[in-house]
Structures are given as C-alpha cells and as structure tokens.
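Please consult the sequence and coordinates shown here alongside the text.

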Amino acid sequence: MPAEVPYEQDEYRGGLRKVARVVLLDPEERILLLHGHEPDDPADDWWFTPGGGLEGDETREQAALRELTEETGITEVELGPVLWRRVCSFPFAGRRWDQDEWYYLARTTQTATVAAGLTDLERRSVAGARWWTCQELTEAHETVYPTRLAELLRRVLDEGPPATPEILDTEIV
C-alpha cells in the first residue's frame, strides 16, 4: 500500500520509489496482512503486507518499523533479515506507482492492531487487518500481494530465511 507522499529525489532510486515492507509473524506463525482497496471503489480490493515509502534519510529498516507502527500500532517487533526484493508497478488512486520493495521478516507477540497513524489516503483505502495462516493464504481466492505469497511464506516457515534476499519476478499490474 503506497503512502501518500510527494515525489522526492531521496525517496526514489532509478525512478523507483524505495519501499520497506514487513512480513510480520505472530507466535502461531500467522502473517499479518492489510486489506486495501481503491479509494473510490471498495470492490477493487486486495491484501498486502504492511509497509511503505522511505521518508527523508530513513534507512529501510527504520521505514519498515515506522510504517508498521503507523499502519498497525504494533511496536513490539523483532526485525529480521530481508527475505525478498521486487520491483512492481501498479495503478492506485489515480496514478501509477513504480516501486523497489524490500520485504523484512519480523516477529511479534503483540497481535492486537490499531491503525492510528494512517495518512488520509490510507484512511480512505485500508479496510482493516487480519492474521492469516499459511494454509488460509494457500486456499484464499482473494488477490494478495506479492503474488505467490503463500508459497514464499511456506518456504520461509519450512526452511528459514534465505541466506541472501530472493529477487522476485517484477510485477506490473
């Protein structure tokens, strides 16, 4: 879910918005996903990991933790390694977003969510949050980003984090 931010040079690399996302697991190894939709069309919806664009001179790790706090209220987090990286491009809220996303593994025991720090755009486009088991993700008929999330998560749960971040296929929607 892109945050509502202006195009700023420090936020972009090679024309891509720098984004940090969080694959947040609870003690039951469920993943937290946010339910988003087009601001003017709630029927055009999907599920996605918390996260967003870097602000100022933030590191990706700092952005991941800040975004997680703003979007979920969860602050008790053990941030782990980068699992995956991907480039994606998609239309949202009347414009095209071109992003370089890094997905960090994180763990928490805090499962209650409160989305108190959302931007205006996020308030108009985020419908809530839900903890998903890997099995539920596998069986889901909803749109989930990144695609193949159930398969990617299963591999992490079975084998642990990769030694180096896996580069996912570019997604253009």
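The model is predicted. According to the UniProt record, which is an unreviewed entry, residues 15–155 carry the annotation "domain: Nudix hydrolase".

**Helix 4 and its cover**

Helix 4 comprises residues 149–159, and its buried residues are Leu149, Ala150, Leu152, Leu153, Val156 and Leu157. Viewed down the axis of helix 4, these buried residues fall within an arc of 165°, and therefore they line one face of the helix. Asp158 and Glu159, by contrast, are exposed on the other side of helix 4. The elements that cover the buried residues include strand 2 (16–25), strand 3 (31–38) and strand 6 (77–92). Helix 3 (134–139), strand 9 (144–145) and strand 10 (166–167) are also among them. After helix 4 comes Gly160, which has a positive phi near 85°.

**Strand 2 and its partners**

Strand 2, which is among the elements covering helix 4, is itself mostly covered, with nine of its 10 residues buried. Strand 2 and strand 7 (residues 95–108) run parallel and are joined by nine bridges; in this pairing, Lys18 stands opposite Asp100 of strand 7. Strand 2 and strand 5 (residues 51–53) run antiparallel and are joined by three bridges. Here Arg21 stands opposite Gly51 of strand 5.

**Backbone features in the loops**

The loop between strand 9 and helix 4 contains Pro146. The peptide bond that leads from Tyr145 to Pro146 is cis, with omega near 0°. Arg148 is found in the loop between strand 9 and helix 4 as well, and it has a positive phi although it is not a glycine. Ala93, in the loop between strand 6 and strand 7, is another residue other than glycine with a positive phi. The table gives the values for these two residues.

| Residue | Phi | Relative accessibility |
|---|---|---|
| Ala93 | near 55° | 33% |
| Arg148 | about 70° | 36% |

Is Ala93 buried, partly exposed or exposed? Its relative accessibility is 33%, so Ala93 counts as partly exposed. Arg148 likewise counts as partly exposed, because its relative accessibility is 36%.

Terms used: Residues numbered from 1 in each chain as written. Predicted model: local features only at pLDDT ≥ 70, side-chain atom pairs only at ≥ 80, totals over all residues. Heavy atoms only, no water. Buried < 20%, exposed > 50% of the residue type's maximum accessible area, 1.4 Å probe, protein only. Helix = DSSP H or I, 4+ residues; strand = E, 2+ residues; numbered from the N terminus. Arc of directions from axis to C-beta. Contact = heavy atoms within 4.5 Å. Pairing = 2+ DSSP bridges. UniProt positions renumbered as here; feature names shortened; annotations may be inferred.
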